[in-house]
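Open the model in your viewer and keep the sequence beside it. The stops below say what to select next and what is there.

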Amino acid sequence: MPSFDARSDGSDFKDRQTSMYGAVSLNPTDRLMLLAGVRRTDFKTDGTAYGENRDKRYRNKTTPYYGASFKLDDNYSIYGSYTRIKRN
């Protein structure tokens, strides 16, 4: 359990994140646009937070993305999207 009293050293940690993202957009009709993408992330954190170890590493985590846009007329369109985020 972290200690939050006056004797605590507080937090001292370093985060590093690298990622890549790719996407594609397809127009099967003049009114419909489909989107798909993926993000790949590596994350590393080292150090302590109020006396507790914060060393964690996540490698090659992927996050998919899907979307669609439909043109109703020259002024309006509707859009929907989906993504999934995994918590560790």
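**Stop 1: the end of S2**

Select Ala 49, which stands opposite Glu 52 in S3. This is a predicted model, in which local features need pLDDT of at least 70, side-chain atom pairs count only at pLDDT 80 or more, and totals for chains, interfaces and linings use all residues. Residues are numbered from 1 along each chain as its sequence is written, and side-chain values use heavy atoms, with hydrogens and water left out.

Strands here are DSSP runs of E, at least two residues, numbered from the N terminus. Two strands pair if DSSP finds at least two bridges between them. Select residues 52–53 for strand S3. S3 runs antiparallel to S2, and two bridges join them. Now step into their hairpin, which has two residues between the strands. Tyr 50 takes a positive phi there, near 50°.

**Stop 2**

Select residues 32–49, strand S2. Pick Leu 26 and look across: Leu 34 in S2 stands opposite.

**Stop 3: Asp 42**

Stay in S2 and centre on Asp 42. Is Asp 42 buried or exposed? Asp 42 is buried, because its relative accessible area is 16%. The classes are buried under 20%, exposed over 50%, and partly exposed in between (1.4 Å probe, protein chains only).

Show what surrounds Asp 42. Leaving aside neighbours within four places in sequence, Asp 42 is in contact with Arg 16, Gln 17, Thr 18, Tyr 58, Arg 59 and Asn 60. Contact means heavy atoms within 4.5 Å. Zoom in on Asn 60: its backbone nitrogen lies 2.7 Å from a polar atom of the Asp 42 side chain.

The side chains of Arg 40 and Asp 42 meet in a salt bridge, 3.4 Å from N to O. A salt bridge is a side-chain nitrogen of Lys or Arg within 4 Å of a carboxyl oxygen of Asp or Glu. Arg 40 is partly exposed, at 30% relative accessible area.

**Stop 4: a charged network**

How many salt bridges does the structure hold? The structure holds four. Select Lys 44, Asp 46 and Arg 57, which are linked in a network of salt bridges.

Start with Lys 44 and Asp 46, whose side chains meet at 3.7 Å, N to O. Lys 44 counts as partly exposed at 35% relative accessibility. Turn to Arg 57, partly exposed with a relative accessible area of 48%. Asp 46 is partly exposed too, at 27%. The closest N and O atoms of Asp 46 and Arg 57 are 3.2 Å apart. Asp 46 lies in strand S2 and Arg 57 in strand S4, so this pair ties together parts that are 11 residues apart in sequence.

**Stop 5: a nonpolar patch**

Last, select Phe 70, Leu 72, Tyr 76 and Ile 78 and show the surface. They make a nonpolar surface patch of about 400 Å². Ile 78 lies in strand S5, residues 77–83. Ile 78 counts as partly exposed, at 49% relative accessibility. Patch residues have over 30% relative accessible area and no salt bridge; like charges are joined within 9 Å, nonpolar side chains (Val, Leu, Ile, Met, Phe, Trp, Tyr) within 5 Å. Accessible areas come from the Shrake-Rupley method with a 1.4 Å probe; for residues, only the protein chains shown count as cover.

How values were computed
Helices (H or I, at least four residues) and strands (E, at least two) are DSSP runs, numbered from the N terminus. A polar contact is a pair of N or O atoms within 3.5 Å; within protein, one must be able to donate a hydrogen and the other to accept it, and residues adjacent in sequence count only if both atoms are side-chain atoms.
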